[in-house]
Amino acid sequence: MNIIDELTWRDAINQQTNEEGLRKLVDEKSIALYCGVDPTGDSMHIGHLIPFMMMKRFQLAGHRPYILIGGGTGTIGDPSGRTTERTLQTMETVQHNVDALSNQMRKLFGKDANISFVNNFDWLSKISLLEFLRDYGKNFNINTMLAKDIVSSRLEVGISFTEFTYQILQSIDFLHLFKTYGVQLQIGGADQWGNITAGLDLIRKLEGPEAEAFGLTIPLMLKADGTKFGKTAGGAVWLDPKKTSPFEFYQFWLNQDDRDVIKYLKFFTFLDKEEIDALVQKVATEPEKREAQRRLAEEVTRFVHSEEDLKEAQKITEALFSGNIKDLNATEIEQGFGKMPTVEISNESVNIVELLVATNIEPSKRQAREDVSNGAISINGDRITDLDFVVTPSDHFEGKFVVIRKGKKKYFLAKVLN
């Protein structure tokens, strides 16, 4: 299947500058292509992952992706999608973020052949002000720049000259990669269309109208309810395991709506059409089994993290579902229960009724005694009915945690203070 046909089937294409020309080009030869990310933070979230999954698909089809970390453009800030001026980061912060994102990208793609990593600071930082104005600025018409959505949407509230010139810098990136590495295709989000077409215009002005260069954007990802994809009540879903644990990451995908899961399988996994079509049937005939969601969670967690992290996330999930948490270690307890209501307790042994009242899990000793007697309280996975039971924090989970369950689903994590 032609890569463009595959992307069309996956509903992964929003706009193309020349569909027929690009389809013919990728049929005839292996091409170089690129996608960039600016170091505005020290981790990508799952929304950033979408265009890079496209890059991976091109790589699997025999093409040569270049992943660009915007160490240069990151010092300026892309105005796309913003309503206010960006606060500039220090050069030290930008470099820290460049290093973090580079490591993240290499973890995702570095093991693959034919995927290269570049940093636009390497060439943008060498352009003098006079060169910028004479060699590049002269090729950009102000009226055309003002008409771009990324600029026109900001005119009412104002835009600085710094952010106004962002599209010139990104155009220089495309030109540099075209001339240096033979890159012929830029991929970006829907909001990058103006920047991409500006780059194509620059290439044709300086390299000739017959220069073969193309642009392709991906659709804006929305959930079935119309809200933005990738956001949860707790904020963004990060690729950095320190910001979003592999368990939380796995749970995010596992809990997707039936109306969205097939779309996400197409976008975020490398399952083929036959496998996804089979899962379409499962969603239609046996939605209660949530097989499509499980497969989605497995595939994406394995890709972003590792097989080991996936197995750990599955182990925690099963323990939470069954209530049998005794085989979990302290790290797994922290992952699985870290977002649940948390209290702090001393490392001294304490009567169960006293513990429940002291931590405000129960409003009174009377209620605590009633719930314990009725079997509604579990400590570290064991149901406790003895009112004289003594909780010894050092007994489980390396002495770091006590897990208290009230009823069937209400968990509390007690962190043990040394």
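E312 is found in helix α16, which spans residues 307-322; helices here are DSSP runs of H or I with at least four residues, strands are E runs of at least two, and both are numbered from the N terminus. This is a predicted model, where local features need pLDDT of at least 70, side-chain atom pairs count only at pLDDT 80 or more, and totals for chains, interfaces and linings use all residues. Residues are numbered from 1 along each chain as its sequence is written, and side-chain values use heavy atoms, with hydrogens and water left out.

So what about charge partners? E312 is buried but has no salt bridge, and the nearest side chain of opposite charge, K315, sits 7.0 Å away. Buried means under 20% relative accessible area, with exposed over 50% and partly exposed in between (1.4 Å probe, protein chains only). A salt bridge needs a side-chain nitrogen of Lys or Arg within 4 Å of a carboxyl oxygen of Asp or Glu; Lys and Arg count as positive, Asp and Glu as negative, and His and the chain ends are not counted. Skipping neighbours within four places in sequence, E312 is in contact (heavy atoms within 4.5 Å) with E332 and Q335.

## The annotated binding site

The unreviewed UniProt entry puts a "binding site" feature at Y34, Y166 and Q170, and Y34, Y166 and Q170 from this set are part of the lining of the largest pocket. A pocket is an open set of points on a 1 Å grid over the protein atoms alone, where a 1.4 Å probe fits, with protein on both sides within 12 Å along at least five of seven lines; lining residues have an atom within 4 Å of a point. UniProt annotations may be inferred rather than shown by experiment.

Y34 belongs to strand β2 (residues 32-37) and is buried, at 2% relative accessible area. Q170 sits in helix α10 (residues 166-181) and is buried too, at 7%. Beyond four places in sequence, Y34 touches a list of residues including Q170, Q186 and F174, while Q170 touches Y34, Q186, Q192, N195 and I196.

## Strands around β15

Strand β15 (residues 410-417) runs parallel to β9 (residues 342-346), with five bridges joining them; strands pair if DSSP finds at least two bridges between them. T342 stands opposite L413 in β15.

Strand β14 (residues 401-406) is antiparallel to β15, with six bridges, and I404 faces F412. The β14-β15 hairpin has three residues between the strands, and G407 there takes a positive phi near 75 degrees.
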